[in-house]
Amino acid sequence: MKKKLLIIIFWLGVWEVLSRVISNPILIAGPLDTLKALYEMLSEKKFYLAVRNSFLNITGGIFLGAFIGIFSAALSGAFGIIEDFLSPLIKVLKSIPVVSFVVIVLLWFGNTHLSLEISAVITMPLFYLSYLEGIKCTDKKMLEMAAVFKMSFLSRVRYIYLPSLKGTIKSSLSLAVGMGWRSGAAAEVIGQPMDTLGNGLYRAKIFLETDRLFAWTVVIILMSVLSEKIFRRLLDLLWRDKEKK
C-alpha cells in the first residue's frame, strides 16, 4: 500500500513540475488546479447527472458485451459451425474504427444510449476471443466424462467451462473494461448526448477550460476503476457460490 502511494505521489510531482515548466494553463493544468476545478464541479447538479448517465450506459454496455461474447464463445466451443459463421463478423468488429461505429449508431439509433451500444460492440469481440481460446484449452478428459454421464450443455458450461475459464476471465477483464470506457467516452464526445462525461469533456475543450478538461478525465478514470472493481466483485461472488455448492 505504501509503495503504491509513493508511486502515485511521484507521478503527481512529475505532473506538477511539468505544469510549472510549461507555465501555460491552457496547454496543461497542474494537479492542484485540476483538484480545484473538480471541487467546483462537485457543487453542480449536471456533474452528478453526467456521472450517473455515463456510468450506467458504459458499464451496462460492457456487461452486455460480456454476456453476448461469453454466450457466443460457449456456443462456438460446442458447435464448430457457429464459430465458422461468427468468425467473419468478429474480424469486422475488430477492424472497424470506433468513429465508424459511432457514426453508424448515430444514424440508426440516435445518441440517447450511444455509449452503451458502442462499449458493447467494442468489448464483445474481446470477451468472445478470450473465452473461446479458454474453452479450446479446457481439459478434454473432463469433457469426455461429461459425455459419458450425458451432462446437458448448460451443465457443462456451468461446471466445466466456467471454472476452467476463471483465470482467463479475470486477466481479460481489465483490458475489456478499459477499452469499454475509452470507446464509450469517445463516443460521447463525438455524439454529444447531453449530461454525460463526454459532453463535459467537449464543453471544457470548447471553452479552453483545461483544468476542467483534466478534471473530467480524472473522473472517467475513477469511474473505469470503480466499474472494474464491481465486475471483479461479481465474479468473486459467482465463484464463491459455486465453491459452496
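Among contacts (heavy atoms within 4.5 Å) in the protein chain between residues at least 6 apart in sequence, 72% link residues at least 24 apart. The model is a predicted one, in which local features need pLDDT of at least 70 and side-chain atom pairs count only at pLDDT 80 or more, while totals for chains, interfaces and linings use all residues. Residues are numbered from 1 along each chain as its sequence is written, and side-chain values use heavy atoms, with hydrogens and water left out.

The protein chain holds 11 helices and 0 strands, where helices (H or I, at least four residues) and strands (E, at least two) are DSSP runs numbered from the N terminus. Read from the N terminus, the order of elements is α-α-α-α-α-α-α-α-α-α-α. The C-alpha trace spans about 70 × 50 × 30 Å along its principal axes. Of the 245 residues in the protein chain, 38% are buried; here buried means under 20% relative accessible area, exposed over 50%, and partly exposed in between, with a 1.4 Å probe and protein chains only. The accessible surface of the protein chain amounts to about 14,700 Å², and carbon and sulfur atoms account for 70% of that area. These areas come from the Shrake-Rupley method with a 1.4 Å probe, and for residues only the protein chains shown count as cover. As for charge, the protein chain carries 29 positive and 18 negative charges, whose mean positions lie 6 Å apart. In this count Lys and Arg are positive and Asp and Glu negative, with His and the chain ends not counted; each charge is placed at NZ of Lys, CZ of Arg, CG of Asp or CD of Glu.

Attention can now turn to the interior. In soluble globular proteins, nonpolar side chains tend to be buried together. A nonpolar core is defined as a set of buried Ala, Val, Leu, Ile, Met, Phe, Trp, Tyr and Cys residues joined through side-chain atoms within 4.5 Å. The largest such core has 44 residues, and Ile118, Trp181, Leu197 and Trp216 are those with the most contacts inside it. Two or more residues each are given to this core by helix 2 (31–41), helix 3 (45–78), helix 4 (80–95), helix 5 (98–109), helix 6 (114–136), helix 9 (166–191), helix 10 (197–206) and helix 11. Helix 6 supplies the largest share, 9 residues. Beyond its neighbours within four places in sequence, Trp181 is in contact with Ser54, Phe55, Ile58, Thr59, Ile62, Leu197, Ile220, Met223, Ser224 and Ser227.

Thr210 counts as buried because its relative accessibility is 6%. Its side chain reaches the backbone oxygen of Pro25 at 3.2 Å, and, leaving aside neighbours within four places in sequence, Thr210 is in contact with Pro25, Ile26, Leu27, Ile28 and Ala29. Leu213 also has its place in helix 11, but at 26% relative accessibility Leu213 counts as partly exposed. With neighbours within four places set aside, Leu213 is in contact with Leu201 and Ala204. Leu213 and Ile190 are 23 residues apart in sequence and 15 Å apart in space, C-alpha to C-alpha.

Glu16, in helix 1, is buried, with a relative accessible area of 17%. A polar contact of 2.7 Å joins the side chains of Glu16 and Arg20; such a contact is a pair of N or O atoms within 3.5 Å, and within protein one must be able to donate a hydrogen and the other to accept it, while residues adjacent in sequence count only if both atoms are side-chain atoms. Not counting residues up to four places away in sequence, Glu16 touches Gly30, Pro31 and Leu32. Lys170, found in helix 9, counts as partly exposed at 25% relative accessibility. Apart from neighbours within four places, Lys170 is in contact with Arg232, Leu235 and Asp236. Between Lys170 and Ser227 there are 14 Å in space, C-alpha to C-alpha, and they are 57 residues apart in sequence.

Finally, some backbone angles deserve a word. Most residues other than glycine have a negative phi. Ser23 has a positive phi, near 50°; this residue sits in the loop between helix 1 (2–22) and helix 2 and is exposed, with a relative accessible area of 57%. Asp195 has a positive phi near 55°, lies in the loop between helix 9 and helix 10, and counts as partly exposed at 21% relative accessibility.
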